[in-house]
Amino acid sequence: MAHRLGGRRKNVKKGFQFTFMVVGTSGTGRTTFVNTLCDSNVLPNKICDNPEDAHIEEGINIKPISVDLDEDGVRISLTIVDTPGFGDNIDNERCFHEIVAYLERQYDDILAEESRIKRNARFRDNRVHALLYFISPTGHALREIDIELMRRLSPRVNVIPVVGRADSLTPQELKDFKRRIMEDIEHYSIPIYNFPYDVEEDDEDTVEENSELRALLPFAIIGSDEEINVNGRIVRGRQYPWGAVEVDNPKHSDFGRLRSALLSSHLQDLKEITHDFLYENYRTEKLSRTVSGGDQEDASLNAEDMASQSVRLKEEQLKKEEEKLREIELKVQREIQEKRAELSSKEEALRSLEARLAQAQLAD
Amino acid sequence: MTNSENTAENKQTILNAYVGFDTITQQIEKKSLKRGFQFNVMVVGQTGLGKSTLVNTIFASHLIESKGRLNADEPPRQTTEIEAVSHLIEENGVRLRLNIVDTPGYGDQVNNENCWEPIIKYIKDQHSAYLRKELTAQRERYIQDSRIHCCLFFITPSGHSLKPIDIVVLKKLSEVVNIVPVIAKSDSLTLEEREAFRQRIKAELAFHNINLYPYESHEDEEQEQALNESIRELIPFAIVGSERNVVIDGKAVRGRKTRWGVINVEDETHCEFVHLRNFLTRTHLQDLIETTAHIHYEAFRTKQLLAIKGSAQPSSPTPMSSPATPSTNAGVSPAAGSAR
């Protein structure tokens, strides 16, 4: 992963583009987390001042929002996809569907763009590089909805589980909760993003950093968009009658370390895995499903050589399309013929039946 | 002196000497103590909201176990199950048989359609069992009362509003049992968040006409009415439960120790546990039992008996009419032949 640093230097001026999605039931702290991360009110808090609306099941609403951040002098063009309504309905089956559909649509867009002859240089890559899943702090283990979501989504996106509203757990409860969640994840073989490293290939620092982050999973998140006064210091936090929680204090919350992993140290890694692995898998699955798979393969190969071959390509494409049309015509004609044959044989059978019937009647 | 028909019953006759019938209260008490009391409480809410812990905190002993999934091998429950546990507790010679009904699996699945049906069924079954025992020819002197006297409904501390499923279930439950909603694990909400949440919940409950205990009653005296009003202001109670002790100012109290402070469950500035506990056990225990019998059970009973009466009637008894129309009497005309 050493080239990660090299990539950063090159892109410092241009800045990075990064997209992540936040998923979790209402009240697990999604919105607050995003606002804390961006240090501004990027997402509006849920407005529930109308008592008439509480019983309405809204289904899930997938909304991307763009924000520009400056991270230690590095510009990050961040897209955050919020998913309010997940898990809040009586029947939540559809929610999974919609999220997967959204993820796949972004992949489809890239697939289509890659196969074009003339590609748009400023094409916006909207693929989701990471999905933060907010687990309710029950203190027990994963719920059915947690297991289902992570299972269904991890083939399409890097899933990073976090414990939302972690301030409702004592240190011991949090430790046990994290352990049980990881045991569940292992037991159900859910492939989450766990800061992969190779002891042999990577350097010591990387191994250490990644194994530390891995040990923190799932990240215990406490967020706040308000500032409080703690012993004279003004910090972001939450004030309770019995004490104050500081969002940026690593002893209180894993927020700081998740933020730096997401926006600086592991940003590249998440993007690479999304592109080299998750997207490739999707692409393979999708293409092996199409009937004329050969067509698209050619297109993507030649796309790399567009300048000299664009005209020839166009001709070839046209020819191929003509061929396809001809094939379809032939197929249709064949089908018509077959149907005609069927029809005539059926008529024959009918006629012979009538004949026999007539004979039988005569015999009477 | 005037229009005395009404006041005749209320007029008190003056006694000339001490009779001593005022000891009837002690006589009743003695009998009641001998018999002991029974209280049945049900807890409803998603897993992980601290239901078991709260019950154990209210009654200051380990009465029920948490039904949460604690092992990776344990599969998540697929339906709402009903589990009842019975304990005999005693305080100053007063014996209370406490039945706690837990509802693990409620609201935990991806699809929670009808997860409330087993709960409603259980409550109705208890009424049904009691009714049957009442109607038996040879019935027991003291019928074992398994009817649910109080249902604690746990609301997730999202800080936003009630969920659609909460509203559906609260509506249905409030029609058959005394409901007391609580905001679970309220130590994750700041005081402002709690208050705002509470007001929103109240507005939503009012909008859906969900009738919560304590009910309005014209029989109540001013003092009782005032107490009930103050309870209604507080509902839903924002609570925190704990079976463990923490040391505050040298004293051991039930609480939770976090990295940023110590929560004292019995401190009214930290949470409303004390109010809930007093409400359930010190002020309204008797009333909960009574309203279950007088309101919910009666409603059930009325419906059942009317239904039985309705189905017992033969289909439209034709009037034993025209006793003296010889034709009908004599002939066995198939047309006229219905009933009888």
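## A covered strand in chain B

Let's start with strand β5 (residues 179-183) of chain B, which is mostly covered, with five of its five residues buried. Keep in mind as you look around that this is a predicted model. In a regular strand, side chains alternate between the two faces of the sheet. Here both faces of β5(B) are covered. On one side sit B:I179, B:P181 and B:I183, on the other B:V180 and B:V182, and all are buried.

Which way does β5(B) pair with strand β4 (residues 150-155) of chain B, parallel or antiparallel? The two run in the parallel sense, joined over five bridges. To find the spot on screen, look for B:C151, which stands opposite B:I179 in β5(B).

## A three-strand sheet, also in chain B

Further along chain B there's an open sheet of three strands, in the order β7-β8-β9, with antiparallel pairing. Its edge strands are β7 (245-248) and β9 (261-264) of chain B, each pairing on one side only. If you ignore direction, neighbouring strands of this sheet are turned by 65° against each other on average.

Zooming in on one pair, β7(B) and strand β8 (residues 251-258) of chain B are antiparallel over four bridges. B:I248 has B:K251 in β8(B) as its bridge partner.

## An enclosed helix in chain A

Now over to chain A. Helix α4 (residues 144-153) of chain A has eight of its ten residues buried, so it is largely enclosed by the rest of the structure.

## Two crossing helices in chain A

Finally, a helix pair. Helix α2 (residues 30-38) of chain A packs against helix α7 (residues 255-265) of chain A at an angle of about 70°, and their axes are 11 Å apart. That angle makes α2(A) roughly perpendicular to α7(A), and the crossing is right-handed.

Who makes the contact? From α2(A) it's A:F33, A:T36 and A:L37, and from α7(A) it's A:F255, A:L258, A:R259 and A:L263. By type, the residues of this contact split into five nonpolar, one polar and one charged.

Conventions. Residues are numbered from 1 along each chain as its sequence is written. Chains are lettered from A and ligands numbered from 1 in the order in which they are written. This is a predicted model: local features need pLDDT of at least 70, side-chain atom pairs count only at pLDDT 80 or more; totals for chains, interfaces and linings use all residues. Side-chain values use heavy atoms; hydrogens and water are left out. Axes are lines fitted to C-alpha atoms, for helices over the stretch in contact, and angles run from 0 to 180 degrees between N-to-C directions. Angles under 35 degrees count as roughly parallel, over 145 as roughly antiparallel, 65 to 115 as roughly perpendicular and the rest as oblique. A crossing is left-handed if the near helix is turned anticlockwise from the far one by less than a right angle, and right-handed if clockwise. Contact means heavy atoms within 4.5 Å. Ala, Val, Leu, Ile, Met, Phe, Trp, Tyr, Cys and Pro count as nonpolar, Asp, Glu, Lys and Arg as charged, and the others, Gly among them, as polar. Buried means under 20% relative accessible area, exposed over 50%, partly exposed in between (1.4 Å probe, protein chains only). Two strands pair if DSSP finds at least two bridges between them.
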